[in-house]
Amino acid sequence: MTSSEAIEGRSPGLRERKKAKTRAAIQQEAMRLFLERGYDGTTVEDIAEAAEVSPSTFFRYFPTKEDVVLRDDYDELLLEVFLAQPPDLTPLQAARAALHSIGDVAGALSPEERELERVRMAMTFTVPEVRARWINELVRAFRTLAEGVAARAGRPADDIRVRTFVGAVIGVMLVAMEPLVEEPAREWTDFLPAIDEALGYLEQGLPL
């Protein structure tokens with residue numbers, strides 16, 4: 001069951017389970033090979049062979065080698081949970097509630113899944129090619145979240161207030177997780193309390 005299904009209580013169909021299993025196998029084998037051989041010493045063909053799939057299947061799940069490190073469900077999950085929050089919550093309150101739900105899902109991961117997440121996050125900040133791709137992913141995440149916030153607020157996604165709100169929330173998360181650059185061995189979930197505290201500070205109007 002994926003993280004979004006765990007929150008919503010949905011049971012995936014057979015096709016979805018097979019796809020999730022294949023994607024997880026590719027990602028797990030990729031992380032194992034990266035740790036053994038290094039990122040540059042591992043090819044897509046190596047990963048596909050280890051996961052017992054063809055290179056073309058690899059690319060159906062991950063458009064680039066960098067994406068096998070970066071791909072996860074958290075952006076989509078965060079948006080789903082954010083949109084599901086009660087309408088009487090302010091956007092920031094809804095964002096904090098969604099973050100708490102993400103933390104609950106992350107806390108329920110198995111030791112193997114937690115290690116996978118730790119390795120992925122460490123590589124995001126230490127491998128130049130992955131870090132460069134991550135910047136592009138931030139832009140995509142910004143647009144996705146802006147559409148969700150706009151839908152909740154009843155405003156267009158290009159509204160300056162929507163874009164400013166999303167930029168502020170993403171900025172807060174980046175600042176709170178900045179220590180990962182110097183401490184890549186830590187888990188990103190270690191920083192959830194700091195992210196929540198920073199969002200609370202943002203909610204107060206950034207008093208200095």
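These legends walk through several close-up views of a predicted model. Local features are described where pLDDT is at least 70, side-chain atom pairs count only at pLDDT 80 or more, and totals for chains, interfaces and linings use all residues. Residues are numbered from 1 along each chain as its sequence is written, and side-chain values use heavy atoms, with hydrogens and water left out.

View 1. Eight residues of domain 1 are in contact with eight of domain 2, where contact means heavy atoms within 4.5 Å. Together the domains bury about 760 Å², with 71% of that on carbon and sulfur atoms. Buried area here is the accessible area (1.4 Å probe) that two parts lose on being put together, summed over both. On the domain 1 side, look for Gln27, Met31 and Tyr39: they supply 55% of the area that domain 1 buries against domain 2, more than any other three residues. As for salt bridges across this interface, the rule finds zero; a salt bridge is a side-chain nitrogen of Lys or Arg within 4 Å of a carboxyl oxygen of Asp or Glu.

**View 2. Arg120 sits in helix α8 (residues 111–126).** Helices (H or I, at least four residues) and strands (E, at least two) are DSSP runs, numbered from the N terminus. Arg120 is buried, at 3% relative accessibility; buried means under 20% relative accessible area, exposed over 50%, and partly exposed in between (1.4 Å probe, protein chains only). Skip its neighbours within four places in sequence, and Arg120 still touches several residues, including Gln27, Met31, Asp72 and Tyr74. Its side chain also meets that of Glu117 in a salt bridge (2.8 Å, N to O). Both partners belong to helix α8, three residues apart, or about one turn of the helix. Glu117 counts as buried too, with 12% relative accessibility.

**View 3. Glu76 and Arg140 pair up in a salt bridge (3.9 Å, N to O).** Glu76 is in helix α6 (residues 74–83) and Arg140 in helix α9 (residues 128–153), so this pair ties together parts that are 64 residues apart in sequence. Glu76 is partly exposed at 33% relative accessible area, and Arg140 is partly exposed at 32%. The whole structure holds 13 salt bridges.

**View 4. Arg155 and Asp159 form another salt bridge, their closest N and O atoms 3.9 Å apart.** Arg155 is partly exposed, with a relative accessible area of 36%, whereas Asp159 is buried at 12%. Elsewhere, Glu29, Arg32 and Glu36 are linked in a network of salt bridges.

**View 5. Thr43 lies in the loop between α2 (14–37) and α3 (44–51).** Thr43 counts as partly exposed, at 33% relative accessibility. Thr43 and Lys65 are 22 residues apart in sequence, and their C-alpha atoms are 8.0 Å apart in space.

**View 6. Tyr201, Leu206 and Leu208 make a nonpolar patch on the surface.** Together these three have about 380 Å² of accessible area, worked out by the Shrake-Rupley method with a 1.4 Å probe; for residues, only the protein chains shown count as cover. Patches are made of residues with over 30% relative accessible area and no salt bridge, joining like charges within 9 Å and nonpolar side chains (Val, Leu, Ile, Met, Phe, Trp, Tyr) within 5 Å. Tyr201 belongs to helix α11 (residues 192–203) and is partly exposed at 31% relative accessibility.
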